[in-house]
Amino acid sequence: MGKTLVLVPNNNFYYFEKLRLENVVVSPVFRDVRGIGEILWKTSRKMKLSASSFFYADWYMDLGSFSKIIVFDVALWMDSSLIRNIRHRIGPSTKCYLYSWNIVRDEKRIREHIDACGKYNFSYYSYDKNDCEKYGFHFNTIMYDESLRLHRCALSWDILFLGYLKDRKAKMLALYEMLCRASMTPKFVIVGAENEQKDLPFTIRDSYVSYFEYLDMVSRSRAILDITQEGQNGFSMRVMEAIAFDKKLVSTNMALLETSFYDPHNILVIDLQNPDENALSSFLNTDFHPYSEEIKHYYSVESWIKRFEC
(Lines give C-alpha, C1' and ligand atoms only; values in the text may rest on other atoms or scores of the structure.)
Protein backbone atom coordinates (compact mmCIF):
# COMPACT_ATOMS: atom_id res chain seq x y z
CA MET A 1 0.00 0.00 0.00
CA GLY A 2 1.40 3.41 -1.01
CA LYS A 3 1.68 6.44 1.21
CA THR A 4 -0.90 9.21 1.38
CA LEU A 5 -0.10 12.90 1.81
CA VAL A 6 -2.73 15.16 3.40
CA LEU A 7 -2.02 18.89 3.06
CA VAL A 8 -3.55 21.19 5.67
CA PRO A 9 -3.18 24.98 6.02
CA ASN A 10 -1.23 24.99 9.28
CA ASN A 11 -0.27 23.01 12.38
CA ASN A 12 -3.31 24.30 14.30
CA PHE A 13 -5.80 22.79 11.89
CA TYR A 14 -8.24 21.00 14.19
CA TYR A 15 -6.80 17.66 15.41
CA PHE A 16 -4.52 16.97 12.44
CA GLU A 17 -1.31 17.96 14.23
CA LYS A 18 -1.63 14.89 16.46
CA LEU A 19 -3.07 12.52 13.87
CA ARG A 20 -0.99 9.34 13.56
CA LEU A 21 -1.87 6.78 10.88
CA GLU A 22 0.30 4.21 9.17
CA ASN A 23 1.38 5.31 5.68
CA VAL A 24 -0.27 8.72 6.11
CA VAL A 25 1.70 11.98 6.28
CA VAL A 26 -0.10 15.14 7.37
CA SER A 27 1.70 18.41 6.73
CA PRO A 28 1.06 22.14 6.58
CA VAL A 29 1.72 23.58 3.14
CA PHE A 30 4.41 26.05 4.21
CA ARG A 31 7.39 25.84 6.52
CA ASP A 32 7.85 28.54 9.14
CA VAL A 33 9.15 31.72 7.47
CA ARG A 34 10.53 34.81 9.21
CA GLY A 35 12.17 38.13 8.32
CA ILE A 36 12.79 39.02 4.67
CA GLY A 37 11.75 35.50 3.70
CA GLU A 38 8.25 36.19 5.00
CA ILE A 39 7.96 39.23 2.73
CA LEU A 40 9.05 37.21 -0.30
CA TRP A 41 6.70 34.40 0.70
CA LYS A 42 3.69 36.71 0.90
CA THR A 43 4.64 38.39 -2.38
CA SER A 44 4.91 35.08 -4.26
CA ARG A 45 1.49 34.02 -2.97
CA LYS A 46 -0.16 37.34 -3.77
CA MET A 47 1.20 37.32 -7.32
CA LYS A 48 0.31 33.61 -7.76
CA LEU A 49 3.90 32.72 -8.63
CA SER A 50 5.12 29.13 -8.87
CA ALA A 51 8.06 30.35 -6.76
CA SER A 52 5.82 29.92 -3.73
CA SER A 53 7.05 26.31 -3.78
CA PHE A 54 10.39 27.56 -2.43
CA PHE A 55 8.65 28.06 0.91
CA TYR A 56 6.88 24.70 1.08
CA ALA A 57 7.53 22.34 3.98
CA ASP A 58 9.49 19.09 3.62
CA TRP A 59 6.63 17.24 1.93
CA TYR A 60 7.43 18.91 -1.38
CA MET A 61 10.86 17.30 -1.66
CA ASP A 62 9.30 13.88 -0.98
CA LEU A 63 6.36 14.06 -3.39
CA GLY A 64 7.51 11.08 -5.43
CA SER A 65 6.96 8.73 -2.48
CA PHE A 66 3.18 9.29 -2.35
CA SER A 67 0.57 7.39 -4.34
CA LYS A 68 -2.31 9.57 -3.14
CA ILE A 69 -2.33 13.31 -2.35
CA ILE A 70 -5.29 15.07 -0.69
CA VAL A 71 -5.33 18.87 -0.52
CA PHE A 72 -7.80 20.68 1.72
CA ASP A 73 -9.51 23.66 0.10
CA VAL A 74 -8.31 25.93 2.93
CA ALA A 75 -4.74 24.94 2.06
CA LEU A 76 -5.34 25.93 -1.57
CA TRP A 77 -6.75 29.27 -0.39
CA MET A 78 -3.30 30.01 1.03
CA ASP A 79 -1.55 29.38 -2.30
CA SER A 80 -3.45 29.37 -5.59
CA SER A 81 -0.38 27.83 -7.31
CA LEU A 82 -0.39 24.79 -5.02
CA ILE A 83 -1.99 22.14 -7.21
CA ARG A 84 -0.09 23.35 -10.28
CA ASN A 85 3.19 23.06 -8.40
CA ILE A 86 2.29 19.58 -7.16
CA ARG A 87 1.38 18.20 -10.57
CA HIS A 88 4.46 19.69 -12.24
CA ARG A 89 6.65 17.73 -9.82
CA ILE A 90 4.99 14.31 -10.07
CA GLY A 91 3.85 11.96 -12.81
CA PRO A 92 0.28 11.25 -13.91
CA SER A 93 0.09 7.98 -11.97
CA THR A 94 -0.22 9.77 -8.61
CA LYS A 95 -3.86 10.22 -7.65
CA CYS A 96 -4.55 13.80 -6.56
CA TYR A 97 -7.64 15.21 -4.86
CA LEU A 98 -8.96 18.58 -3.72
CA TYR A 99 -11.32 18.29 -0.76
CA SER A 100 -13.72 20.98 0.43
CA TRP A 101 -15.44 20.93 3.80
CA ASN A 102 -16.78 24.44 3.24
CA ILE A 103 -19.94 25.29 1.35
CA VAL A 104 -19.54 27.46 -1.74
CA ARG A 105 -19.73 31.17 -0.94
CA ASP A 106 -17.33 32.64 -3.51
CA GLU A 107 -18.43 31.12 -6.82
CA LYS A 108 -15.75 32.93 -8.84
CA ARG A 109 -12.98 31.36 -6.77
CA ILE A 110 -14.61 27.94 -6.93
CA ARG A 111 -14.82 28.15 -10.72
CA GLU A 112 -11.09 28.91 -10.79
CA HIS A 113 -10.45 25.84 -8.64
CA ILE A 114 -12.63 23.67 -10.87
CA ASP A 115 -10.67 24.83 -13.93
CA ALA A 116 -7.34 24.18 -12.20
CA CYS A 117 -8.44 20.69 -11.16
CA GLY A 118 -9.36 19.90 -14.73
CA LYS A 119 -6.07 21.24 -16.06
CA TYR A 120 -3.84 19.47 -13.53
CA ASN A 121 -5.83 16.24 -13.14
CA PHE A 122 -7.15 16.69 -9.60
CA SER A 123 -10.50 15.17 -8.62
CA TYR A 124 -12.68 17.66 -6.74
CA TYR A 125 -14.53 16.35 -3.66
CA SER A 126 -16.90 18.06 -1.22
CA TYR A 127 -18.65 17.15 2.04
CA ASP A 128 -21.84 18.95 1.02
CA LYS A 129 -24.23 17.06 -1.25
CA ASN A 130 -25.96 20.24 -2.41
CA ASP A 131 -22.67 21.60 -3.75
CA CYS A 132 -21.80 18.22 -5.26
CA GLU A 133 -25.02 18.25 -7.24
CA LYS A 134 -24.67 21.89 -8.32
CA TYR A 135 -20.99 21.89 -9.30
CA GLY A 136 -20.36 18.26 -10.21
CA PHE A 137 -18.09 17.47 -7.26
CA HIS A 138 -17.58 13.96 -5.94
CA PHE A 139 -18.95 13.37 -2.45
CA ASN A 140 -17.02 12.32 0.62
CA THR A 141 -18.10 12.73 4.21
CA ILE A 142 -16.35 14.81 6.81
CA MET A 143 -14.08 12.78 9.06
CA TYR A 144 -12.63 12.41 12.58
CA ASP A 145 -9.64 10.98 14.42
CA GLU A 146 -11.13 7.95 16.15
CA SER A 147 -8.12 7.64 18.46
CA LEU A 148 -8.99 10.87 20.31
CA ARG A 149 -10.42 10.57 23.81
CA LEU A 150 -11.99 13.11 26.14
CA HIS A 151 -10.78 13.69 29.68
CA ARG A 152 -13.07 12.36 32.37
CA CYS A 153 -14.35 15.29 34.40
CA ALA A 154 -17.45 16.68 36.07
CA LEU A 155 -20.09 18.20 33.82
CA SER A 156 -20.41 21.99 33.93
CA TRP A 157 -23.00 22.71 31.22
CA ASP A 158 -25.92 21.05 29.50
CA ILE A 159 -25.05 22.26 26.01
CA LEU A 160 -22.02 23.88 24.37
CA PHE A 161 -21.55 26.05 21.30
CA LEU A 162 -18.26 27.53 20.11
CA GLY A 163 -17.95 29.54 16.92
CA TYR A 164 -18.15 32.91 15.21
CA LEU A 165 -21.17 35.16 15.59
CA LYS A 166 -21.24 36.14 11.86
CA ASP A 167 -24.81 37.14 10.97
CA ARG A 168 -26.42 34.88 13.55
CA LYS A 169 -26.70 37.23 16.53
CA ALA A 170 -30.52 37.28 16.68
CA LYS A 171 -30.78 33.49 16.17
CA MET A 172 -28.17 32.75 18.82
CA LEU A 173 -29.79 35.06 21.35
CA ALA A 174 -33.20 33.49 20.73
CA LEU A 175 -31.77 29.99 21.03
CA TYR A 176 -29.80 30.86 24.18
CA GLU A 177 -32.91 32.27 25.84
CA MET A 178 -34.93 29.25 24.78
CA LEU A 179 -32.36 26.90 26.33
CA CYS A 180 -32.51 28.85 29.55
CA ARG A 181 -36.32 28.67 29.59
CA ALA A 182 -35.98 24.90 29.11
CA SER A 183 -34.03 24.83 32.40
CA MET A 184 -30.76 24.02 30.61
CA THR A 185 -27.38 25.54 31.39
CA PRO A 186 -25.96 26.70 28.04
CA LYS A 187 -22.35 27.66 27.36
CA PHE A 188 -21.85 29.83 24.27
CA VAL A 189 -18.26 30.77 23.41
CA ILE A 190 -18.07 33.36 20.62
CA VAL A 191 -14.74 34.03 18.93
CA GLY A 192 -14.03 37.63 17.96
CA ALA A 193 -14.19 41.06 19.58
CA GLU A 194 -16.62 42.89 17.34
CA ASN A 195 -18.71 45.74 18.76
CA GLU A 196 -22.00 43.91 18.25
CA GLN A 197 -20.89 41.27 20.75
CA LYS A 198 -21.03 43.67 23.68
CA ASP A 199 -23.65 42.99 26.35
CA LEU A 200 -24.29 39.45 25.12
CA PRO A 201 -24.71 36.66 27.72
CA PHE A 202 -21.92 34.71 26.02
CA THR A 203 -18.25 34.08 26.71
CA ILE A 204 -16.32 36.25 24.25
CA ARG A 205 -12.86 35.17 23.10
CA ASP A 206 -10.98 37.75 21.04
CA SER A 207 -8.38 35.27 19.79
CA TYR A 208 -8.16 31.76 18.37
CA VAL A 209 -9.32 28.91 20.63
CA SER A 210 -7.17 25.84 20.11
CA TYR A 211 -9.02 22.71 19.14
CA PHE A 212 -7.81 20.77 22.15
CA GLU A 213 -8.93 23.54 24.49
CA TYR A 214 -12.32 23.27 22.83
CA LEU A 215 -12.33 19.49 23.41
CA ASP A 216 -11.80 20.18 27.09
CA MET A 217 -15.02 22.21 26.97
CA VAL A 218 -16.78 19.36 25.18
CA SER A 219 -15.74 16.97 27.94
CA ARG A 220 -17.58 19.15 30.45
CA SER A 221 -20.83 19.41 28.50
CA ARG A 222 -23.72 16.95 28.23
CA ALA A 223 -24.55 17.98 24.66
CA ILE A 224 -23.15 19.86 21.66
CA LEU A 225 -25.00 22.53 19.70
CA ASP A 226 -24.62 22.63 15.90
CA ILE A 227 -25.92 25.62 13.92
CA THR A 228 -25.61 25.20 10.16
CA GLN A 229 -25.06 27.93 7.61
CA GLU A 230 -27.83 28.78 5.17
CA GLY A 231 -27.95 26.19 2.40
CA GLN A 232 -25.62 23.73 4.16
CA ASN A 233 -26.46 20.04 4.45
CA GLY A 234 -22.93 18.67 4.95
CA PHE A 235 -22.15 17.61 8.50
CA SER A 236 -19.99 19.86 10.63
CA MET A 237 -17.18 18.80 12.93
CA ARG A 238 -19.67 19.06 15.81
CA VAL A 239 -21.60 16.12 14.37
CA MET A 240 -18.38 14.10 14.22
CA GLU A 241 -17.56 14.99 17.83
CA ALA A 242 -21.01 13.89 19.00
CA ILE A 243 -20.50 10.49 17.33
CA ALA A 244 -16.90 10.01 18.43
CA PHE A 245 -17.48 10.96 22.06
CA ASP A 246 -21.05 9.68 22.53
CA LYS A 247 -22.46 13.14 23.18
CA LYS A 248 -26.00 14.29 22.60
CA LEU A 249 -26.40 16.69 19.68
CA VAL A 250 -28.83 19.54 19.07
CA SER A 251 -28.64 20.65 15.46
CA THR A 252 -30.40 22.75 12.84
CA ASN A 253 -29.22 20.40 10.05
CA MET A 254 -32.31 18.65 8.69
CA ALA A 255 -30.13 16.22 6.68
CA LEU A 256 -29.37 14.40 9.96
CA LEU A 257 -32.90 12.99 9.93
CA GLU A 258 -32.02 10.89 6.85
CA THR A 259 -28.79 9.35 8.15
CA SER A 260 -28.17 5.77 9.19
CA PHE A 261 -26.98 6.91 12.61
CA TYR A 262 -29.95 9.14 13.46
CA ASP A 263 -31.49 8.26 16.81
CA PRO A 264 -33.99 10.62 18.50
CA HIS A 265 -32.44 9.72 21.85
CA ASN A 266 -29.10 11.12 20.68
CA ILE A 267 -29.95 13.81 18.12
CA LEU A 268 -32.53 16.58 18.28
CA VAL A 269 -33.04 18.47 15.02
CA ILE A 270 -34.70 21.84 15.58
CA ASP A 271 -36.21 24.48 13.33
CA LEU A 272 -35.00 27.85 14.59
CA GLN A 273 -38.01 29.54 12.99
CA ASN A 274 -40.44 27.34 14.90
CA PRO A 275 -38.63 25.56 17.75
CA ASP A 276 -40.37 23.02 19.96
CA GLU A 277 -39.37 24.05 23.47
CA ASN A 278 -41.06 21.04 25.04
CA ALA A 279 -39.03 18.65 22.90
CA LEU A 280 -35.87 20.52 23.80
CA SER A 281 -36.57 20.41 27.53
CA SER A 282 -37.20 16.65 27.52
CA PHE A 283 -34.39 15.71 25.11
CA LEU A 284 -31.58 15.58 27.69
CA ASN A 285 -33.66 13.42 29.99
CA THR A 286 -33.88 10.52 27.52
CA ASP A 287 -31.38 7.69 27.70
CA PHE A 288 -28.39 7.93 25.36
CA HIS A 289 -27.82 5.08 22.91
CA PRO A 290 -24.07 4.65 22.30
CA TYR A 291 -23.01 4.64 18.65
CA SER A 292 -21.67 1.42 17.20
CA GLU A 293 -17.98 1.00 16.46
CA GLU A 294 -18.95 0.43 12.83
CA ILE A 295 -20.49 3.93 12.62
CA LYS A 296 -17.53 5.52 14.39
CA HIS A 297 -15.03 3.83 12.08
CA TYR A 298 -16.98 4.83 8.99
CA TYR A 299 -16.35 8.49 9.84
CA SER A 300 -12.69 7.96 10.76
CA VAL A 301 -9.87 9.63 8.83
CA GLU A 302 -8.66 6.18 7.78
CA SER A 303 -12.01 5.35 6.13
CA TRP A 304 -12.27 8.85 4.68
CA ILE A 305 -8.91 8.44 2.89
CA LYS A 306 -10.02 5.12 1.38
CA ARG A 307 -13.13 6.75 -0.10
CA PHE A 308 -11.05 8.89 -2.45
CA GLU A 309 -11.17 6.67 -5.52
CA CYS A 310 -11.68 8.65 -8.76
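Trainee: Leaving aside its neighbours within four places in sequence, which residues is His151 in contact with in this predicted model?

Mentor: In this predicted model, His151 belongs to the loop between strand E6 (138–139) and E7, and its relative accessible area of 61% makes it exposed, because the cut-off for that class is over 50%. The C-alpha atoms of His151 and Ser219 are separated by 6.2 Å, although the two residues stand 68 apart along the chain. Once the neighbours within four places in sequence are left aside, the residues in contact with His151 are Asp216 and Ser219.

Trainee: How many residues apart in sequence are the parts that the pair of Lys3 and Asp62 ties together?

Mentor: The side chains of Lys3 and Asp62 meet in a salt bridge with an N to O distance of 3.5 Å. Lys3 lies in strand E1, whereas Asp62 lies in the loop between H1 and strand E3 (66–72), so the pair ties together parts of the chain whose separation in sequence is 59 residues.

Trainee: Which residues are linked with Lys134 in a network of salt bridges?

Mentor: Lys134 forms a salt bridge with Glu107, in which the closest N and O atoms are 3.9 Å apart. Lys134 lies in helix H5 (residues 129–135) and Glu107 in helix H4, so this pair ties together parts that are 27 residues apart in sequence. Lys134 counts as exposed at 56% relative accessibility, while Glu107 is partly exposed at 34%. The residues linked with Lys134 in the network are Glu107 and Arg111.

Trainee: Why can helix H8 (residues 237–244) be described as largely enclosed, and which helices are included in what covers its buried residues?

Mentor: Seven of the eight residues of H8 are buried, so the helix is largely enclosed by the rest of the structure. The buried residues are Met237, Arg238, Val239, Met240, Glu241, Ala242 and Ile243, so both Arg238 and Glu241 fall under the 20% cut-off for relative accessible area. Their cover includes strands E7 (157–164), E10 (221–226) and E11 (248–251), and the helices included are H7 (211–219) and H10 (293–298).

Trainee: Which residues of the largest nonpolar core touch the most other members?

Mentor: The largest nonpolar core has 51 residues, and apart from it lies another core of 33 residues, among them Tyr56, Leu63, Leu82 and Phe137. In soluble globular proteins, nonpolar side chains tend to be buried together. Within the largest core, the residues that touch the most other members are Phe72, Tyr99, Trp101, Met143 and Phe261.

Trainee: Which residues form a nonpolar patch on the surface, and what is their accessible area together?

Mentor: One member, Ile39, has its place in helix H1 (residues 36–46). The patch is formed by Ile36, Ile39 and Leu40, and their accessible area together is about 320 Å².

Trainee: Is Pro9 buried or exposed, and what is its relative accessible area?

Mentor: Pro9 lies in the loop between strand E1 (3–8) and strand E2 (24–28), and its C-alpha atom is separated by 8.5 Å from that of Trp77, 68 residues apart along the chain. Leaving aside neighbours within four places in sequence, Pro9 is in contact with Pro28, Val29, Val74, Ala75 and Met78. Pro9 is buried, and its relative accessible area is 11%.

Trainee: What is the phi of Ser183, and where does Ser183 lie?

Mentor: Most residues other than glycine have a negative phi, and most peptide bonds are trans. Ser183 has a positive phi although it is not a glycine, and at 65% relative accessibility Ser183 counts as exposed. Its phi is about 65°, and Ser183 lies in the loop between helix H6 (169–181) and strand E8 (186–191).

Notes: Residues numbered from 1 in each chain as written. Predicted model: local features only at pLDDT ≥ 70, side-chain atom pairs only at ≥ 80, totals over all residues. Heavy atoms only, no water. Core = buried A, V, L, I, M, F, W, Y, C linked by side-chain atoms within 4.5 Å. Buried < 20%, exposed > 50% of the residue type's maximum accessible area, 1.4 Å probe, protein only. Helix = DSSP H or I, 4+ residues; strand = E, 2+ residues; numbered from the N terminus. Contact = heavy atoms within 4.5 Å. Patch = residues over 30% accessible without salt bridge, like charges linked within 9 Å, V, L, I, M, F, W, Y side chains within 5 Å. Areas by Shrake-Rupley, 256 points an atom, 1.4 Å probe, with all protein chains shown as cover. Salt bridge = Lys/Arg side-chain N within 4 Å of Asp/Glu carboxyl O.
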